Amino acid sequence: MATAVQQALSVPVGLVKTIGPHGPQYEVLGYAGRSSTGAELIRIRVYPSMEETDYDYAAMLEDPKEL
């Protein structure tokens, strides 16, 4: 079940995007909380390494969708 923060931020779980126009693909896994500076974070899985890491929500909004 989505938390109130996830709903307010519209975390698109399952969406595949790329880091910037030429970076690797990643899948959005969910909301990850806030950084020590207060930035909202999402959890992502980076392909092809399958590494899971936290990523800036605002950056995700600017990243292109993978078709």
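**Figure 1. Strands β3 and β4 pair side by side.** Strand β3 (residues 40-46) and β4 run antiparallel and are joined by six bridges. Pairing here requires at least two DSSP bridges between two strands. Strands are DSSP runs of E with at least two residues, helices are runs of H or I with at least four, and both are numbered from the N terminus. Arg-43 stands opposite Asp-54 in β4. Ile-42 stands opposite Tyr-55 in β4. The model is predicted: local features need pLDDT of at least 70, side-chain atom pairs count only at pLDDT 80 or more, and totals for chains, interfaces and linings use all residues. Residues are numbered from 1 along each chain as its sequence is written, and side-chain values use heavy atoms, with hydrogens and water left out.

**Figure 2. The loop between β3 and β4.** The two strands form a hairpin with four residues between them. Pro-48 lies in this loop. The peptide bond from Tyr-47 to Pro-48 is cis, with omega near 5 degrees. Met-50 is also in the loop between β3 and β4. Its phi is near 65 degrees, a positive value in a residue other than glycine. Most residues other than glycine have a negative phi, and most peptide bonds are trans. Met-50 is partly exposed, with a relative accessible area of 45%. Partly exposed falls between buried (under 20% relative accessible area) and exposed (over 50%), using a 1.4 Å probe and protein chains only.

**Figure 3. The four-stranded sheet.** The sheet is open, with antiparallel pairing and the strand order β1-β2-β3-β4. β1 (16-18) and β4 (51-56) stand at the edges with a single partner strand each, so one side of each has no neighbour in the sheet. From one strand to the next, the twist averages 50 degrees. Such angles run from 0 to 180 degrees between N-to-C directions, with axes fitted to C-alpha atoms. Along the sequence, the protein chain follows the pattern α-β-β-β-β-α.

**Figure 4. The largest nonpolar core.** Ten residues form this core: Leu-9, Val-11, Tyr-26, Val-28, Ile-42, Ile-44, Val-46, Tyr-55, Tyr-57 and Met-60. A nonpolar core is a set of buried Ala, Val, Leu, Ile, Met, Phe, Trp, Tyr and Cys residues joined through side-chain atoms within 4.5 Å. Two or more core residues come from each of β2 (25-34), β3 and α2 (57-62). β3 gives the most, with three residues. Of the 67 residues in the protein chain, 30% are buried.

**Figure 5. The surroundings of Tyr-55.** Neighbours within four places in sequence are left aside here. Tyr-55 is then in contact with Ile-19, Tyr-26, Glu-40, Leu-41, Ile-42, Ile-44, Met-60 and Asp-63. Contact means heavy atoms within 4.5 Å.

**Figure 6. Confidence along the chain.** The mean pLDDT of the protein chain is 89, and 87% of its residues reach 70 or more. pLDDT is the predictor's confidence in each residue, from 0 to 100. Confidence is lowest in helix α1 (residues 4-9), at a mean of 58. It is highest in β4, at 98. Where pLDDT is low, the predicted coordinates should not be read in detail.
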